[in-house]
Amino acid sequence: MKILLVNWSWYATGGDWTYVENIRRLYESHGHEVIAFSTQNEKNVPSAYAKYFVQTFDFKELNKKKTLLNGIRALKTAVVSSDALLKLDRLLKDHDVKVAHLHNIHHYITPAIIETLHKKGIKILWTLHDYKIICPENSFVSNGKICEKCIDGSFYHCVINKCKKKSFLASGLASFEAYFYHKKHTYDLVDYYLCPSAFLMKKFNHFGFDKEKLVLSNLCYDIAIIDNFITKTQANSNSDIVREKYIFYIGRLEKIKGIETLIKAVKNTEIVIKIIGTGSEEDNLREMIKAEGYGNVQLLGFKNKEEVFEITFHALFGVCPSEWYENFPFSVSETFLFSKPVIGANIGGIPELVIPGKTGVLFEPGNVQELGEKLIELWNNEQLVFDLGKGAREHAFDLYNFDAHWKKLNNVLKNLFPSAQN
């Protein structure tokens, strides 16, 4: 069966791409032919279907030059991509696609393709990586704080509060797009929505999405990649070397990720923390670290996958201090697979992964004192860290292994094609 895999990028951009790549391999391993549909970019992984890829548009540049003309250009491209519709039509004429599996498609490819797919009788699955469909800003965060004012469909709040990039133009565009597709009932044409977390699934059901179309799928991970790294590292390790004791954080350096809370929580402690990632708060964090003398905090910037694995392998445990509705963070998944527990904020989908007494420890989001206490508790109890790490690995393996994910995905395909054997 030919399956159209649709995502705005066809190169490594984060957790979303990790899953797209994994699901491609999973489909192919079960005899399906995967056809890529994405956007043009020099970073793209080579694809036999690149001639169908959509031209991109630089929305950041338009946002810098806020004019009526640029607003119209952004509206025409971000809400309904005519190029995506044209390229998709050509692709479907050349290939007999049976299923379209959507991922992140807003702005560059746009949900307009859903109507085309539906009219041609193609079944549609959509893995929800964020809340964009029900929150114009996409994260339920407005100006640094959790906000659910649009949860009943009142998308105009996005404009009033300038939720998107603190810009009337960007917020107006996001709000218009939300009204446009909901009023057209475009999202009703999707056959199944695959939800990585129960939290996300509940939010979509609260908004009014049909329970029967919402499937708790979790995500999948190629565990062999980490196992091979562990085996290689253990074989090359020198037991005589005294290793540095530290914990780590990996992710964007943004206010909503709780990184400032984390740094404040290790103040006046012996806890060494390595912070991996970049983001809009990087300069501010560097200034804070320098001004307040955080000698135990290391901002390492961007690290490639091999370097991240090396840091994770030797760390005591990881921290996920987010202050927004995380969906199903791959950073936690990878940490677990290294048999490392995680101290996580009790918010969004994190508690479905970080289970107190089994895989890690939870704390109230934004609570510096409580996080500090939890950090010290684990820092001083390596036996507890070992026991939680063992449980974390078991939990992660059960959730993320390819066979478990395929069973869930295959059940959906069987519902779409009752007479077919997958």
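**The sheet and what packs around it**

In this predicted model, begin by selecting the six strands that form an open sheet, which follow one another in the order β2-β1-β3-β4-β7-β8 with parallel pairing. At the edges you will find β2 (33-37) and β8 (214-216), each of which pairs on one side only. If you look along the sheet, the twist from one strand to the next averages 25 degrees.

Next, select strand β3 (residues 99-102) together with strand β4 (residues 123-127), which run parallel and are joined by four bridges. Within this pair, histidine 101 has leucine 125 of β4 as its bridge partner.

Keep helix α1 (residues 15-29) and select helix α16 (residues 402-416), whose axes come within 11 Å and cross at roughly 75 degrees. This angle makes α1 roughly perpendicular to α16, because angles of 65 to 115 degrees count as such. To see the contact, show Tyr19, Asn22, Ile23, Leu26 and Tyr27 of α1 with Phe402, His405, Trp406, Leu409 and Leu413 of α16. By class, eight of these contact residues are nonpolar, two are polar and none is charged.

Finally, turn to the largest nonpolar core, which has 130 residues, and select Leu4, Tyr27, Leu102, Leu117, Trp126, Tyr131 and Leu375, the members that touch the most others. Beyond its neighbours within four places in sequence, leucine 4 is in contact with residues including Ile35, Phe37, Leu88 and Leu117. Another core, of seven residues, lies apart from the largest one, and Tyr246, Val272, Ile311 and Ala315 are among its members.

Technical notes
Residues are numbered from 1 along each chain as its sequence is written. This is a predicted model: local features need pLDDT of at least 70, side-chain atom pairs count only at pLDDT 80 or more; totals for chains, interfaces and linings use all residues. Side-chain values use heavy atoms; hydrogens and water are left out. Axes are lines fitted to C-alpha atoms, for helices over the stretch in contact, and angles run from 0 to 180 degrees between N-to-C directions. Helices (H or I, at least four residues) and strands (E, at least two) are DSSP runs, numbered from the N terminus. Angles under 35 degrees count as roughly parallel, over 145 as roughly antiparallel, 65 to 115 as roughly perpendicular and the rest as oblique. Contact means heavy atoms within 4.5 Å. Ala, Val, Leu, Ile, Met, Phe, Trp, Tyr, Cys and Pro count as nonpolar, Asp, Glu, Lys and Arg as charged, and the others, Gly among them, as polar. A nonpolar core is a set of buried Ala, Val, Leu, Ile, Met, Phe, Trp, Tyr and Cys residues joined through side-chain atoms within 4.5 Å. Buried means under 20% relative accessible area, exposed over 50%, partly exposed in between (1.4 Å probe, protein chains only). Two strands pair if DSSP finds at least two bridges between them.
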